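Dear colleague,

Please find below the structure I am handing over to you, together with its sequence. My findings follow it.

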Amino acid sequence: MTTDTAVLPTMSLSAPLPRPRSRLRQIGVDTGYVLIGFPIAIAAFTVVVVGLSAGVGLLVVWVGVAVLALTLVAARGFATVERAWLPAVLGRPVPQPVYRRPDGPPLRRLLTPLRDPQTWLDALHALIRFPVAVFSFAVTVTVWAIALGGITYGAWDWALPDASRTADNQDLLELLGVQSTAGSRIALYTALGLVFAVLLPFVVRGVALLQATLGTALLTSRAATPRPSSAG
């Protein structure tokens, strides 16, 4: 008699609530989550796609079973890393699913990851998260670059080619039909930097929550509410 993926008991309602995090610290957490999560998402996507493809292709000689099992174990590892980030991003604890334990004869033990629904959700998360991580990374880097570059533009305008003196070089002001001077460039780009600096915490928070919500749905939902056990 075996059971489906086990779940941990729900947390007590009397548990102390986490202390509110400062805006500056939250920006750091969200930025780190998106930037560090990007290469992890690439690795997870690559491992899962290659592993599933190879496993399915080798099923005819049974080697594919072991390849699929190893791929799901790897997906579980990536999922564990993602779940470790979620409390910091969401500002609250998240339930942790308990995976099936290998039991029985060797073949049945080998098939344990393939019989565990949560490991398949881990693999699905690796596939779906990849495009979300690419989008989140691009948005985060762009907003940070414009904010920091704009605010500090006055310190390094002198090091750039002067668009007003080079016929084949046009900057944003000239594209808008306005004469480009050092003063006008500094004023425009500093203003843009300040606007993006104001938007930065909201934009970065938004893309971080987008990724975290996906992780919560696929990596913790089976542990969020108790489910009746079933024979398998």
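This is a predicted model: local features need pLDDT of at least 70, side-chain atom pairs count only at pLDDT 80 or more; totals for chains, interfaces and linings use all residues.

Helix α1 covers residues 23–57, and helix α2 covers residues 63–90. Their axes approach to within 9 Å and cross at roughly 170 degrees. Since angles over 145 degrees count as roughly antiparallel, α1 and α2 are therefore roughly antiparallel to each other. The residues that form the contact of α1 with α2 comprise 21 nonpolar, six polar and two charged ones.

G51 belongs to α1. Its relative accessibility is 8%, so G51 counts as buried, the cut-off being under 20%. Leaving out residues up to four places away in sequence, G51 touches V67, L68 and T71. Between G51 and A69, which are 18 residues apart in sequence, the C-alpha to C-alpha separation is 9.1 Å.

As for α2 itself, its 28 residues reach 41 Å from the first C-alpha to the last, close to the 40 Å expected at 1.5 Å a residue. Just after this helix, G91 adopts a positive phi of about 75 degrees.

E82 is located in α2 and is buried, with a relative accessible area of 1%. The side chains of E82 and R129 are joined by a polar contact of 3.1 Å. Apart from neighbours within four places in sequence, the residues in contact with E82 are Y33, H125, R129, Q211, G215 and L219.

Yours sincerely

Notes
Residues are numbered from 1 along each chain as its sequence is written. Side-chain values use heavy atoms; hydrogens and water are left out. Helices (H or I, at least four residues) and strands (E, at least two) are DSSP runs, numbered from the N terminus. Buried means under 20% relative accessible area, exposed over 50%, partly exposed in between (1.4 Å probe, protein chains only). Contact means heavy atoms within 4.5 Å. Axes are lines fitted to C-alpha atoms, for helices over the stretch in contact, and angles run from 0 to 180 degrees between N-to-C directions. Angles under 35 degrees count as roughly parallel, over 145 as roughly antiparallel, 65 to 115 as roughly perpendicular and the rest as oblique. Ala, Val, Leu, Ile, Met, Phe, Trp, Tyr, Cys and Pro count as nonpolar, Asp, Glu, Lys and Arg as charged, and the others, Gly among them, as polar. The expected span of a helix is 1.5 Å times one less than its number of residues. A polar contact is a pair of N or O atoms within 3.5 Å; within protein, one must be able to donate a hydrogen and the other to accept it, and residues adjacent in sequence count only if both atoms are side-chain atoms.
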